[in-house]
Amino acid sequence: MEKKILFITIASIFVLALVVGAFSFKSANAVRSANIMDRRSGGFMCRFSPDFCTCNPSRVCVDSNTVRTTTQQCVVNTYDCAAGQLCQAGNCVQVNDICTDSDNGLNPNVTGIVTINYTNGTNIAGSDSCIGSNQVLEYYCSGNNLGTVIINCPMGKVCSNGACIEPIFSDLRISNVWLVNYPNNKSVFVNVTNIGNANAPASTLAVNSSTIGFTRSVPSILVGGSRIVSVGFSPSTTGLVFVMADYPMAIMESNENNNIYFNSTFFG
Ligand SMILES: [Ca+2]
Ligand SMILES: [Ca+2]
Ligand SMILES: [Ca+2]
């Protein structure tokens with residue numbers, strides 16, 4: 001009986017040893033298999049004898065603000081950089097806010113926009129503007145902050161949309177005058193052109209001969225545009241013609257000296 005119990009005990013120990021051994025073998029294979037895969041991926045080096053694994057310690061940027069570290073014991077840790085920091089070469093580094101000025105500093109002749117891009121992803125901007133008719137509130141980068149200064153426009157210039165510019169006025173001129181003879185009258189055709197840098201509102205054109213004068217309404221004229229207006233003289237007249245755009249000078253123009261056409265023998 002004792003021999004039987006002894007036999008059962010030994011057999012049990014033997015079976016238990018087999019089971020434990022099998023699990024141990026399977027576990028070792030699983031670890032080695034994982035290590036081989038990791039080694040192939042280039043992540044770290046493994047040494048199989050004895051079962052011991054070491055990694056090349058490293059710090060890498062996963063993306064612009066995420067760091068991944070690997071210790072010699074192959075402990076991998078991933079973490080985000082703090083606000084205002086970016087991941088560079090595996091380290092979180094403080095980066096400066098970036099200020100840009102579209103007109104490159106103090107330039108009153110250009111409407112500039114200053115933008116500050118903060119490292120936390122927000123931004124602010126300031127655009128040049130006018131103070132009254134001849135001063136500019138100019139934005140610039142003061143370090144990485146918004147700076148402003150008031151600049152007077154140069155003599156002869158005015159402030160418009162945040163920049164000093166030549167004054168904006170229309171400029172009507174008589175660009176052409178010609179005569180057409182009809183059986184019962186003579187008609188004067190006048191081409192009025194706006195050569196200024198602002199649209200001209202409606203105006204009045206005067207056309208006089210030596211004996212009679214007329215006025216005609218001229219619709220508004222866009223910058224660079226023109227209108228042709230005709231006046232019929234019946235009965236026909238002779239002698240001079242005097243034509244004046246913007247009669248009697250109701251529109252503010254950049255040049256008031258080019259509004260008149262005169263020809264002493266126009267009608268023959
Ligand atoms: Ca500026
Ligand atoms: Ca400017
Ligand atoms: Ca004019």
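Two residues are taken to be in contact if their C-beta atoms, placed from the backbone, lie within 7 Å. By this criterion, and with neighbours within four places in sequence left aside, Val 192 in the predicted model is in contact with Leu 172, Ile 174, Leu 205, Val 218, Ile 221, Ser 226, Arg 227, Val 229 and Ala 245. Val 192 also belongs to the largest nonpolar core, which comprises 17 residues and in which Val 190, Val 192, Leu 205 and Val 207 touch the most other members. Two or more residues of this core are contributed by each of strand S17 (186-194), strand S18 (203-209), strand S20 (226-233) and strand S21 (241-244). Another core, of five residues, lies apart from the largest one and has Val 136, Cys 159, Ala 163 and Cys 164 among its members.

A further element of the model is an open sheet of three strands, arranged in the order S8-S9-S10 with antiparallel pairing. From one strand to the next, the twist averages 10 degrees. The antiparallel pairing of strand S9 (residues 113-117) with S10 extends over five bridges, and one of the residue pairs involved joins Thr 115 to its bridge partner in S10, Ala 125.

The hairpin formed by S9 and S10 has five residues between the strands, and within this hairpin Gly 121 adopts a positive phi near 95 degrees. Thr 119 is likewise placed in the loop between S9 and S10. Since a residue counts as buried if 20 or more other C-beta atoms lie within 10 Å of its own and as exposed if 12 or fewer do so, Thr 119, with 16 such atoms within 10 Å, is partly exposed. When neighbours within four places in sequence are left aside, the contacts of Thr 119 are with Gly 84, Leu 86, Val 95 and Asp 97. For one of these residues, Val 95, the separation from Thr 119 is 24 residues in sequence, whereas the C-alpha to C-alpha distance in space is 6.9 Å.

Methods:
Residues numbered from 1 in each chain as written. Chains lettered and ligands numbered in written order. Predicted model: local features only at pLDDT ≥ 70, side-chain atom pairs only at ≥ 80, totals over all residues. Pairing = 2+ DSSP bridges. Helix = DSSP H or I, 4+ residues; strand = E, 2+ residues; numbered from the N terminus. Axes fitted to C-alpha atoms, helices over the stretch in contact; angles between N-to-C directions. Core = buried A, V, L, I, M, F, W, Y, C linked by C-beta atoms within 7 Å.
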